[in-house]
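Biologist: Hi! I'm new to this one, could you walk me through it?
Modeller: Happy to, let's bring it up.

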Amino acid sequence: MKVEIRVDPARTEPEAILYAPEVTPQLEAVARMLSEGGEERLTVWSERGASFIPLSDILRLYAERQSVLAQTADATYTVRQRLYELEECLAPHRFVRISNSEIVNARKITGMDFSLTGTIRIRLRGGLETYASRRYVSRLRKQFDV
């Protein structure tokens with residue numbers, strides 16, 4: 001995505017105009033973030049009720065025992081959306097699907113181990129390790145140019 005900033009002292013507030021051949025989920029996410037004036041958040045649930053956490057805090061989103069969970073460095077929360085719904089609304093350059101049951105924050109990946117046959121071991125911040133399924137290996141190699 002091409003980004004250009006022009007300074008105009010006559011303006012009283014910032015204005016953003018996005019040009020694109022078609023509307024995509026990524027474009028909608030950028031527009032939503034700009035209009036809200038801050039970072040995108042995800043509604044999560046815990047024993048204390050609903051909370052809002054910044055997407056940048058999420059290490060991974062995964063399915064376990066008929067639930068979708070969001071894991072941060074500090075805690076794990078329940079999410080009410082399905083993984084495919086989250087995948088559609090999350091920015092594809094920030095979050096990457098690594099299996100049918102898991103999406104990871106690409107900015108939290110600290111390393112990848114390709115020594116295992118057919119799979120990739122992914123290391124995330126905080127010492128967390130997870131594995132990409134064989135179906136998603138080629139997609140990961142392409143996205144990260146490895």
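Modeller: One thing to know at the start is that this is a predicted model. Let's begin with a residue pair: in E9, Arg 121 is the bridge partner of Asp 113.

Biologist: How many bridges join E8 to E9?
Modeller: Four, and E8 and E9 (residues 120–124) run antiparallel.

Biologist: In what order do the strands of that open sheet come?
Modeller: The order is E8-E9-E10, three strands with antiparallel pairing. Strand E8 (109–113) and strand E10 (129–132) are the edge strands, each pairing on one side only. On average, neighbouring strands here are turned by 25° against each other, direction ignored.

Biologist: Which helix packs on the sheet?
Modeller: Helix H3, residues 134–144, which touches E8, E9 and E10. The direction of H3 makes about 60° with that of E9.

Biologist: Switching topic, how do E1 and E2 pair?
Modeller: In the antiparallel sense, over six bridges, with E1 covering residues 41–46 and E2 residues 49–54. The hairpin joining E1 to E2 goes through two residues.

Biologist: Which residue in E2 does Val 44 stand opposite?
Modeller: That's Ser 51. Leaving out residues up to four places away in sequence, Val 44 touches Ser 51 and several others, including Ala 70, Tyr 77 and Val 79.

Biologist: And which residues of the largest nonpolar core touch the most other members?
Modeller: Out of 15 residues, those are Leu 42, Val 44, Ile 58, Leu 61, Val 79 and Leu 86. At least two residues of this core come from each of E1, E3, E4, E5 and helix H2.

Biologist: How many residues are in the other core?
Modeller: That one lies apart and has 14 residues, among them Ile 98, Leu 124, Leu 128 and Ala 132.

Methods
Residues are numbered from 1 along each chain as its sequence is written. This is a predicted model: local features need pLDDT of at least 70, side-chain atom pairs count only at pLDDT 80 or more; totals for chains, interfaces and linings use all residues. Side-chain values use heavy atoms; hydrogens and water are left out. Two strands pair if DSSP finds at least two bridges between them. Axes are lines fitted to C-alpha atoms, for helices over the stretch in contact, and angles run from 0 to 180 degrees between N-to-C directions. Contact means heavy atoms within 4.5 Å. A nonpolar core is a set of buried Ala, Val, Leu, Ile, Met, Phe, Trp, Tyr and Cys residues joined through side-chain atoms within 4.5 Å. Buried means under 20% relative accessible area, exposed over 50%, partly exposed in between (1.4 Å probe, protein chains only).
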